[in-house]
Structure formats: C-alpha cells, structure tokens
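Here is a short report on one protein model. Look over the sequence and the structure, then read on.

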Amino acid sequence: MAAPQGGGAPGVQAALAQYREAATGQRWTPQNPRMMRVDLGVDGQPVLARQGSMVLYQGKVDFSYKGAGVRGRIVGNATGQEMQLMRCSGQGQVFLAENAAELHPIELQGDAICVSAENVLAFDESLQHEVRRIEGHGIPGGALFTMQFQGTGTVIVKTQGTPVVLPVTPTTFADSNAIVAWSAGAQVIISSQVRLRRSAYPGHSGETVNLQFRGAPGNFIVVQPYEV
C-alpha cells in the first residue's frame, strides 16, 4: 500500500480509494476475490452462512445460529467437524469471508448443483438444500458430505486457490479432497487408486480415495489446486 503524502485526509483517502466498498445494488457483490457482500434488503430473503464467516455488517441485521439445513448439521468431509450455519436476516449488509479463501458466487435459475460441505460459505435460504452422504472405504471419517442445492438463488463457494471447471468424460477421476462441486446430473462412484502422494512414506501403499464421475454430455466437475 502506498504511503500517504503529507499525512492529510485527502492523501489517506486517495491511497485507500482502490479498496472502497463496492455497492452495486445487487444482492451479492464481490468486494474482492476473497470477500463477499450480501445486501439483505434486496429481495428481503434471509441468508444462511457458515458460522464465524461474518467480518462486518451494517444496518439492522439479526443473527441466529442453527444447524446446517436448519434442521440438522453437516459433518465436514475432511475434518469430521460439524459445520454450523448462522441465519442472517434484516435490512442491512453483511460482509463474509473465511481464511482468505477465494469466493465464487454461483447463481441457480431452477437448476441444481452439488457442493462439498467443506466448500460451502453461504447461500440464499430460498434455495432447496439437502445433505447427501457418499460412503466409501478409505474415506476419512467414513464418508463424504455434500450439499445439493436446487431452485432460484445464489450459493457462495469457497476454494483454496483458483478452481478449474472440467467436463465429465468416461474417465474422469478427482481426488476426494480436491473436489469442490459437480453438476447434479453426474453420477459419483468411489474409486481407490494407488499412486504416490506427497505424504507417502516407506511401508505406506500410497492409496488414496478418488471419485469417478459419469454422466451425459453437459455434466461438469469443479476442482481446486489443493488437497489435504
């Protein structure tokens, strides 16, 4: 950040001008690649966000803490920890972020998407959402937990690094820790593969759990350049 000239207010404001709040009048507005602003006054619908992801809010906003899907809780696919959600309602603006992860708004228009529970930051409460469990031998915790979203609204997905979107082919495999999301029409199959990992050591097989995806043309997966 450039040092202000002269120490006066105009110099300080000029130095910080590029970081000013971006208010577009839209419900969801990225402030930068790692922070999202949601205006609850637009549409007037509440938002469900990962507990602890609020970094700032303005206006009259009410927060209540509930389990994922309002009725239950989600267990993280890598850590085994519960993902708690908070319900944000009112007429103000809420700024969301988590550990400087990159944030990506995905707008649904009656279609559906599956997102790894670990990668869900926030979503419109108006969306239909349910927790799905993918069981398989060798998966940490015994299962992968995903959320399927459907309807009209926005899901904010977080990633470690910039993700890549790939079409599903007959031979599409993804590391279970690197997968972020996939089209709801894709079929998921657990597949154990043997390969060398960074954490491999003498006597360790190097076996890892991969997900194989199948589906008709038009299906896709989203992966991040990161794995546990």
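Alanine 174 sits in strand 14, which covers residues 172-175. Keep in mind that this model is predicted. Is alanine 174 buried or exposed? Alanine 174 counts as buried, because its relative accessibility is 5% and buried means under 20%.

What does alanine 174 touch, once its neighbours within four places in sequence are left aside? Its contacts are Ile179, Asn210, Leu211, Phe213, Ile221 and Val223. Valine 222 is 48 residues from alanine 174 in sequence. In space, the two are 9.3 Å apart, C-alpha to C-alpha.

Now turn to leucine 16. This residue belongs to helix 1, residues 9-16. Leucine 16 is partly exposed, with a relative accessible area of 38%. Together with Val12 and Tyr19, Leu16 makes a nonpolar surface patch of about 260 Å².

Next comes a sheet. Strands of a sheet pair through backbone hydrogen bonds, either parallel or antiparallel. Here, four strands form an open sheet in the order 1-2-8-4, and the pairing is antiparallel. Strand 1 (28-32) and strand 4 (54-58) are the edge strands, each pairing on one side only. From one strand to the next, the twist averages 20 degrees.

Strand 1 pairs with strand 2 (residues 35-39) over four bridges, in the antiparallel sense. Threonine 29 stands opposite arginine 37 of strand 2.

Note on methods. Residues are numbered from 1 along each chain as its sequence is written. This is a predicted model: local features need pLDDT of at least 70, side-chain atom pairs count only at pLDDT 80 or more; totals for chains, interfaces and linings use all residues. Side-chain values use heavy atoms; hydrogens and water are left out. Two strands pair if DSSP finds at least two bridges between them. Helices (H or I, at least four residues) and strands (E, at least two) are DSSP runs, numbered from the N terminus. Axes are lines fitted to C-alpha atoms, for helices over the stretch in contact, and angles run from 0 to 180 degrees between N-to-C directions. Patches are made of residues with over 30% relative accessible area and no salt bridge: like charges are joined within 9 Å, nonpolar side chains (Val, Leu, Ile, Met, Phe, Trp, Tyr) within 5 Å. Accessible areas come from the Shrake-Rupley method with a 1.4 Å probe; for residues, only the protein chains shown count as cover. A salt bridge is a side-chain nitrogen of Lys or Arg within 4 Å of a carboxyl oxygen of Asp or Glu. Buried means under 20% relative accessible area, exposed over 50%, partly exposed in between (1.4 Å probe, protein chains only). Contact means heavy atoms within 4.5 Å.
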